[in-house]
Each structure stands twice: as structure tokens, then as C-alpha cells.
Amino acid sequence: SPGVNADTGEIVLVNLLEVPHVKFIGAPGFGKSCLAASVLDQLTQTNDSRHVQLALLDCEHKTSKLFEQNENIARVQVGNRIVDLVATHADMVAVQLGFLKREMMRRAELSESELDRQPVIIMYVEEMLSLQYEVDPKLLQQMVDDILILAVRARKYRMFLLSCMQTDYSTTEMKVSQKMYRFRGAAAIDPTAARAAGFQNTDLVKANFASGQKGQFVIEYPGFSNIVLVASYDVKKKLQQLEPSFGGRSSVHAPVANGESDFETERDLSLIHI
């Protein structure tokens, strides 16, 4: 649930399996990361790791920090290592998008009954647009290709994107992915930016932009378009509460063979091509 219908006060409930993928856009401070965190919290509190897993691809390393110790973290095998899908800088995000594409390809070989037994993977990507400017140029084209493939195909294999960004894609290549998002939420953004992001209800967007209220989103998905008051989920406060006990999480969770270090970005850049 993203929150309550501003008109009726009724809780808005959404089946993510029916409206993949999800994106939230808006300027800093208007609640898009808090909304994403609220959704992640709901998913992890109501589903164990056999049913839902998270891949946290967050180069800001803010919102994702609340969940990176969670038992729902997805893990993939890379060579003789087991890697937790928790990426905290741009190059790691690019590499792990490659891991996720490989997991999608693995699932594509499964029978329908085997696929139904696979856990849903929610791929949380924070500030997706900025990645194309921050990632190592050697990784850029591969990353763009992987995002496109995941946006187009991954939903068939129980893998769904949950993306946050200040505005939508600016490059021709990445705009192809835009139409794959069936669930959209916009904070106080102007109508031009909203149209570019695929929003249909211009009147709602204008009204929401004019009010400029934090925590108030235009939510659109098939069969629904309205202003929604989202949950009061204070990420900053929760991070402050976490600080005294937070110990961090290693990117590699399995035993490491042959004296290798945990996660050496330069060496592991090639893993995306395996």
C-alpha cells in the first residue's frame, strides 16, 4: 500500500505481481525515498525470504541501509562465491544489475512449475537517472543494456524494479524502459516532467504541483489514478536510530577462496560479462 486515497480516506492496496514495475519520482525532500522505504518495509514484514527477496542497489546508501541486514536480502552465486545483492556505489550497482540479468536468464530456463516456486525479487534502485553519469565508462553501456533487458523481460520471471529518481530518463536508450513501469508515483513535479515520465492525468499532476505538499503523490496504475497521502515513514529519523548499533554489511557473504579480498571493484568489473 502506498497510502490512503486523498478523496475517500480508503487504503490503496496494490498487487505488485499485477502492476510491475514501480517508479517514484520527485524532488528531494518530497518523500519518494520514504515512500519506497515504506513499501520495502511492508514487503519484508509480510513475506519471508522464501517468498520475497530484495536486491538493494543504492549508491546513496541511505534508504537501503535500513534493510541491508534483513533476512530477505537476495543472494546469487558468482563463481565460487555467494554475493549479497547490496550495492552501495555506482560501479557496484552496475555490476550487480548484471548479476540480476544473469539470474533472470537462469529463471528463463525453468519450467513453469519451477518458476512459480522462485521467490519474487524486488530490485530497488535509488536515483536511477544519476547512475549513467556516475558509473565507470567501461560499465556504462552494459549497465544501460541490463536495465533495459530487466525492464522488458524480468517481470515474466518474478523480478520487479522499484526505482526512485528525481526526474525520468533523459537518454533515448533509457527511455525505452519507461513504458515498462505500470505503477507510477509522482510527488510535486511540474506537468511537463510528469508527461515525460508517462503520467496521464494532467489535472491531478497540476493540482498536486500547485499544493506542493510533502508526502502527497499522484499515484497511477491500470484502473486507478488519484492523489494519495503516503505513509509517514521518516527515513532520516530511522537512520539516526540505527547508527549506534549499525555495523555494516559485507558485500560478499560466503567464504572467500584463495585469499581473495571481499569485493574488489576493479577485478569484479569483468564479472558482468561472464
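In which handedness of crossing does H2 pass H5? The model is a predicted one, in which local features need pLDDT of at least 70 and side-chain atom pairs count only at pLDDT 80 or more, while totals for chains, interfaces and linings use all residues. Residues are numbered from 1 along each chain as its sequence is written, and side-chain values use heavy atoms, with hydrogens and water left out.

H2 passes H5 in a left-handed crossing, the near helix being turned anticlockwise from the far one by less than a right angle. Among the residues that make the contact (heavy atoms within 4.5 Å) are Ala 94, Leu 97 and Lys 101 of H2, together with Leu 139, Met 143 and Asp 146 of H5. By class, this contact of H2 with H5 has 12 nonpolar, two polar and four charged residues, with Gly counted as polar.

Helix H8 (residues 202–211) has Leu 204, Val 205 and Asn 208 buried (under 20% relative accessible area with a 1.4 Å probe, protein chains only). Seen down the axis of H8, its buried residues fall within an arc of 100°, so they line one face of the helix. What covers them includes strand S10 (183–186), helix H7 (191–196), strand S11 (216–221) and strand S12 (224–230). The face of H8 turned away from its buried side carries Asp 203 and Ala 210, which are exposed (over 50%). Just after H8, Gly 212 takes a positive phi of about 60°.

Notes. Helix = DSSP H or I, 4+ residues; strand = E, 2+ residues; numbered from the N terminus. Arc of directions from axis to C-beta.
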